[in-house]
Amino acid sequence: MFAALVSPAPPAAAQQGDLVDLVNPFIGTENEGNTFPGAAVPFGMVQLSPDTGHNTGYDYAQDRIRGFSLVHLSGVGCGLGGDLPVLPTVGDVTETDYAKYAASFRHDDEQASPGYYRVGLSSGITAELTASTRTGVQRYTFPATDKANVLLNAGQALHQTLSTKVEILDNRTVRTAITGQGFCQDTRPYTVYTLTRFDRPFTAYGTWDGTKVTAGSTAGPGGAYLRFDTTRKRTVEATTALSYVDASGAAGNLRAEGGRSFDTVRQAARRAWEDRLGDIRVQGGDATVRRTFYSALYRSFLAPNVGSDTDGRYTGWDQRVHRTQGFTYYQNWSLWDTYRTQAQFLALLAPGEARDMAISVIRVAEESGWLPKWGYGTVETNIMTGDPVTPYLTNAYQQGLLKGYEERAYRALKKNADGVPPAGSPAVGREANQEYLHNGFAPYLANRPHAKPGDSDYDHGASATLEYALSDAMLAQMARSLGHRADADRYAARSRNYRNVFDPSTGFFRARDASGAFTGPADPAQSVGFHEGTSWQYQWLVPQDLPGMTDLIGGRQAANDRLDAFFAYDQLLKDPVKTTREVWVNGAYDYYNADKYNPQNEPDLIAPYTYLSTGQPWKTTDVVHAALTLFTDEPTGMTGNDDLGTMSAWNVLSAIGLFPVQPGYPTWGLTTPVFDRVDLRLDRRYHPGGHLTINAPGTSDGNRYIQKVRTDASPYDRTYLTTGALRGLRSIDYTVGPRPSTWGTSTQAAPPALK
């Protein structure tokens with residue numbers, strides 16, 4: 001049935017070699033996956049990649065490159081970044097619009113691997129890119145000419161540029177400052193500073209202002225060109241350092257990370273990725289599955305991104321300069337997405353960095369006055385709704401990543417959970433919190449003017465209620481653990497507010513208006529007030545109390561019947577490939593008017609694991625393994641936006657059979673891995689054993705159902721593990737078979753409700 005996903009393990013020798021060679025950075029670059037193929041190191045500040053004209057950077061379907069720019073985010077849905085696109089050209093400089101001077105290319109003359117990108121341009125120039133944490137390095141091989149140019153376009157980007165400044169400092173060095181704004185909607189301005197150093201002097205130069213090019217000018221607002229004589233030496237190398245602090249920060253980053261040859265930086269990037277990918281080693285699965293898996297693993301390590309300079313300085317959300325103390329500051333927070341999968345993935349595989357990331361979020365709250373929702377660089381965008389920062393930080397707490405910061409995190413979370421940001425704050429926080437606290441639900445108020453740029457919880461009152469309630473449940477657990485008992489009881493009571501948007505007449509969640517009346521179509525597939533989904537998708541977003549949700553539906557049998565309808569389960573068993581691609585997936589942004597599972601979007605990421613709580617865990621395996629076939633090793637192999645590693649982390653965790661079923665709490669659901677063996681290398685500071693092996697010998701299309709599970713050789717009959725239990729284990733061993741068994745079917749086997 002799922003033969004494309006799992007096949008018998010190849011000989012051990014076939015799995016030897018560098019893991020980086022299994023990664024295809026072009027996956028997701030077509031059909032709105034919105035990934036980028038360019039060069040970066042894990043969590044790097046710089047993501048140097050080609051821009052072809054798509055609003056988020058690179059689109060595999062296009063064939064002209066406008067420039068190679070410094071900043072990209074994997075899988076975002078709106079335009080941002082693209083700062084300082086650089087393009088090599090030959091001949092006279094007559095155009096200053098990068099859409100006009102863009103160079104065509106062919107995919108058969110293009111290649112990419114972690115930390116490296118190369119393309120041959122129609123101009124006869126070969127461009128190569130690599131990166132360190134805070135620098136991007138370019139190498140251009142020109143034809144023999146005395147008019148080899150490198151264009152630095154400060155005035156154009158993927159976002160709106162408000163002001164730019166270009167300065168040619170000497171015959172090898174160019175400095176820029178770029179102030180921009182935007183991401184889906186306008187944001188407060190932010191500035192990036194760059195310093196570019198060439199490996200040899202240029203023979204001529206100039207700048208431009210609008211369409212006017214001035215030879216010999218050393219300063220201008222638009223861009224600069226640098227000319228080289230390549231009649232003898234054909235290559236030109238340039239290293240560009242980036243800073244979100246100031247020009248001095250860019251210079252310091254260049255001193256610390258620059259001065260190395262292109263090949264040296266490339267090899268260092270390759271080693272960094274090989275080390276990261278080596279955190280998980282798999283055996284089994286065919287070549288396509290392994291390439292898809294390691295490509296997803298690669299994307300899971302791309303963000304959040306380092307935001308502090310090598311001297312420890314960073315620009316906070318108060319737009320003031322701060323300095324780190326014992327941690328690295330990170331930025332770029334797609335929290336509505338990442339709190340469901342990638343946050344837990346990083347807590348498991350990169351706990352040191354995940355701790356610093358969580359501390360960075362706490363610093364955002366302390367410096368700006370409020371916790372973030374969707375942060376880009378140094379500003380809040382307010383994109384998406386609900387309260388995603390709470391499960392993000394409670395997950396960090398529950399995973400043991402906030403030692404020394406517990407009360408600081410709790411104070412920020414309590415403020416966020418009990419209030420609304422003032423008018424002068426750029427944050428919207430829990431925008432509908434006043435009504436939620438008073439009435440027990442966030443109202444759906446159609447056509448209400450947005451008080452601040454970004455999304456509004458009032459536009460999505462039903463789903464905002466569910467998200468608030470989920471967050472209250474997770475905060476209750478943290479409060480109780482810290483000894484704040486009254487708070488814990490209060491938040492736990494609020495976590496049951498999901499019931500207030502349940503309409504008994506339809507048996508589904510439904511939006512309510514300001515008066516409390518249910519509103520919108522009664523048909524749950526046509527429902528209003530749900531962000532990027534319908535009531536069908538959101539009915540399972542109650543991970544804090546699935547037993548209670550099951551009772552509302554009518555009990556286990558009624559819940560399973562509804563799950564089967566949601567996943568088109570009977571069709572799935574007969575023809576999984578057709579079902580996944582024709583019934584489930586209907587377009588990258590086709591979120592509404594649907595009654596079926598949408599595996600490409602966040603509200604449904606946990607849904608397949610609901611069967612672990614309804615006594616039919618084998619169906620989780622069926623649905624998850626089918627959904628994994630949507631991930632391929634082609635440019636179209638990403639079902640929807642990657643959202644800074646969210647979908648990629650779902651792929652990785654689902655493939656190894658260990659999934660966070662209660663985001664914000666340390667509960668890992670168990671299901672059949674797609675590999676015979678998975679070896680996890682874990683940080684001994686958090687996992688004393690330093691290693692966990694997951695064995696499922698013989699797992700295959702026809703042999704995928706769990707018969708029994710053993711943890712460190714002891715029988716285990718529950719469908720979940722806690723992080724505490726996981727840290728004490730050396731092995732999880734699955735016995736699999738061709739038919740479902742009774743494993744995990746008892747009521748006691750299911751993940752418990754959070755009280």
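**Close-up 1. The surroundings of D503.** In this predicted model, D503 touches F508, R510 and F518, leaving aside residues up to four places away in sequence. You'll find D503 in strand β26, which covers residues 502-503. Its side chain also has a polar partner: a contact of 2.7 Å joins the side chains of D503 and S505. Is D503 buried or exposed? Its relative accessibility is 4%, so D503 counts as buried.

**Close-up 2. Strand β4 and its partner β9.** Here we turn to strand β4, residues 86-90. Four of its five residues are buried, so β4 is largely enclosed by the rest of the structure. Which strand does β4 pair with? Five bridges join β4 to strand β9 (residues 148-153), and the two run antiparallel.

**Close-up 3. The disulfide between C78 and C184.** How many disulfides does a search of the whole structure find? The search turns up one, and it joins C78 to C184, with an S to S distance of 1.8 Å. This pair links distant parts of the chain, as the two cysteines are 106 residues apart. C78 sits in the loop between β3 (67-69) and β4, while C184 sits in the loop between β11 (173-181) and β12 (190-198). The torsion about the S-S bond is about 90°, so this disulfide is right-handed. Now check each end of the link. C78 has a relative accessibility of 18%, and because buried means under 20%, C78 counts as buried. C184, with a relative accessible area of 40%, is partly exposed.

**Close-up 4. The largest nonpolar core.** This view takes in a core of 210 residues, the largest nonpolar one in the model. Which of its residues touch the most other members? They are F68, F198, W584 and W650. Among the contributors, helix α11 (residues 461-482) gives the most to this core, namely 11 residues. As background, nonpolar side chains tend to be buried together in soluble globular proteins.

**Close-up 5. A second, separate core.** Apart from the core in the previous view, there is a second one made of five residues. Its members include L195, A241, A250 and L254.

How values were computed. Residues are numbered from 1 along each chain as its sequence is written. This is a predicted model: local features need pLDDT of at least 70, side-chain atom pairs count only at pLDDT 80 or more; totals for chains, interfaces and linings use all residues. Side-chain values use heavy atoms; hydrogens and water are left out. A nonpolar core is a set of buried Ala, Val, Leu, Ile, Met, Phe, Trp, Tyr and Cys residues joined through side-chain atoms within 4.5 Å. Buried means under 20% relative accessible area, exposed over 50%, partly exposed in between (1.4 Å probe, protein chains only). A polar contact is a pair of N or O atoms within 3.5 Å; within protein, one must be able to donate a hydrogen and the other to accept it, and residues adjacent in sequence count only if both atoms are side-chain atoms. Contact means heavy atoms within 4.5 Å. Two strands pair if DSSP finds at least two bridges between them. A disulfide is a pair of cysteine sulfur atoms within 2.5 Å.
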